[in-house]
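Here are my notes on the model you sent. Please read them with the structure open beside you.

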Amino acid sequence: MRQAQYKIEEETIKIKLPEELDHSNSTDIRKEIDATIYSGKVKNVEFDFSETSFMDSSGIGMIMGRYRLVNPLGGKVALLGVKGNIGRIIKLSGLHKIVGESEEK
Amino acid sequence: MRDILKMEILSRPENEGFARASVAAFVARLNPTLEEINDIKTAVSEAVTNSVVHGYENGEGTIFMEIVIEDKVVHIKIADEGMGIDDVERAREPLFTTKPEEERSGMGFTFMEIFMDRLEVESAKGKGTSVHMVKKIGGGK
Ligand SMILES: Nc1ncnc2c1ncn2[C@@H]1O[C@H](COP(=O)(O)OP(=O)(O)O)[C@@H](O)[C@H]1O
Ligand SMILES: [Mg+2]
């Protein structure tokens, strides 16, 4: 399965998420993002869901955790390309109320 | 029509994806909608992940799965012989988690409940946990 891909642009780390985001891969993604945040290089996190078709509550926990990490630093979390059942899960968990969401990509 | 799928898998994170894909493939004969398939995949993923993360606390153990199709109704049982749950009623509450340090969101049982028609949880401290979920395909929920 395709791994997550990371790109740093200015103060933002952009993550193209894998096809399925669950407990088995969310821990590694969390470590990768946090390492760049702790290095002081970035404070914003952008999750790109455009090639992701599945996410469960482990993904919710991982995104929520990054929000808690960057919020005190004045950073932002954005979700891109959210659609279908992932959008439903994000709404049910209330995540859309605290992070920015945009449909386009 | 009646059919049964039984599986035993080790509590490895890699098996979470395998478990939900297997159940989705087994249920495909009922011609579920994409939404119904996603509901089932999410519920299975939550239950199996709970056995891995909480039941066996990321150690090794066996997860027992039994899927029964009866006409248009799918019964899914996912069980472990792990540590069990202290207070099932409390565990089922939205956002409740005993592992906030692992960034668990506490939404697992809530998603199982929302995405399936019925959810029953049986658990005994030190003995294990069994989750039974039911969903009617074409139920238009
Ligand atoms: N199979 C299990 N074995 C032991 N404890 C469990 C199991 N499933 C759930 N739990 C308990 O119920 C709580 C809530 O589960 P859940 O709603 O999936 O949230 P989360 O997994 O994010 O903690 C867990 O934090 C855990 O304490
Ligand atoms: Mg869970």
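Which N or O atom in the side chain of chain B is 2.5 Å from an oxygen atom of ligand 1? The first point gives the answer.

1. The model is predicted. In it, an N or O atom in the side chain of B:T98 is the one that lies 2.5 Å from a ligand 1 oxygen atom. Taken alone, ligand 1 exposes 540 Å², and the protein buries 96% of that.

2. B:T129 uses its side chain, where an N or O atom is 3.5 Å from a nitrogen atom of the ligand.

3. The shell around ligand 1 holds 18 residues, of which B:H54, B:D80, B:T97, B:T98 and B:G106 come nearest. By class, 11 of the shell residues are polar, five are nonpolar and two are charged.

4. Which elements give two or more residues to this shell? They are α2 (34-55) and α4 (108-115), both of chain B. α2(B) gives the most, with four residues.

5. Ligand 1 sits in the largest pocket, which has a volume of about 580 Å³. The lining of this pocket is made of 30 residues, and those closest to its centre are B:H54, B:I85, B:A91, B:T98 and B:F109. B:H54 and B:T98 are also among the residues that come nearest to ligand 1.

6. Several elements of chain B build the lining of the largest pocket. At least two residues each come from α2, β3 (73-80), α3 (88-91), α4 and β5 (128-136). The largest share is that of α2(B), with six residues. Sorted by class, the lining has 12 polar, nine nonpolar and nine charged residues.

Methods. Residues are numbered from 1 along each chain as its sequence is written. Chains are lettered from A and ligands numbered from 1 in the order in which they are written. This is a predicted model: local features need pLDDT of at least 70, side-chain atom pairs count only at pLDDT 80 or more; totals for chains, interfaces and linings use all residues. Side-chain values use heavy atoms; hydrogens and water are left out. A residue is near a molecule or strand if one of its heavy atoms lies within 4 Å of it. A polar contact is a pair of N or O atoms within 3.5 Å; within protein, one must be able to donate a hydrogen and the other to accept it, and residues adjacent in sequence count only if both atoms are side-chain atoms. Accessible areas come from the Shrake-Rupley method with a 1.4 Å probe; for residues, only the protein chains shown count as cover. On a 1 Å grid over the protein atoms alone, a cavity is a set of points where a 1.4 Å probe fits but cannot get out, and a pocket is an open set with protein on both sides within 12 Å along at least five of seven lines; lining residues have an atom within 4 Å of a point. A molecule sits in a cavity or pocket if more than half of its atoms lie within 2 Å of its grid points. Ala, Val, Leu, Ile, Met, Phe, Trp, Tyr, Cys and Pro count as nonpolar, Asp, Glu, Lys and Arg as charged, and the others, Gly among them, as polar. Grid points are joined across faces, edges and corners, and a volume is the space filled by probe spheres set on the points.
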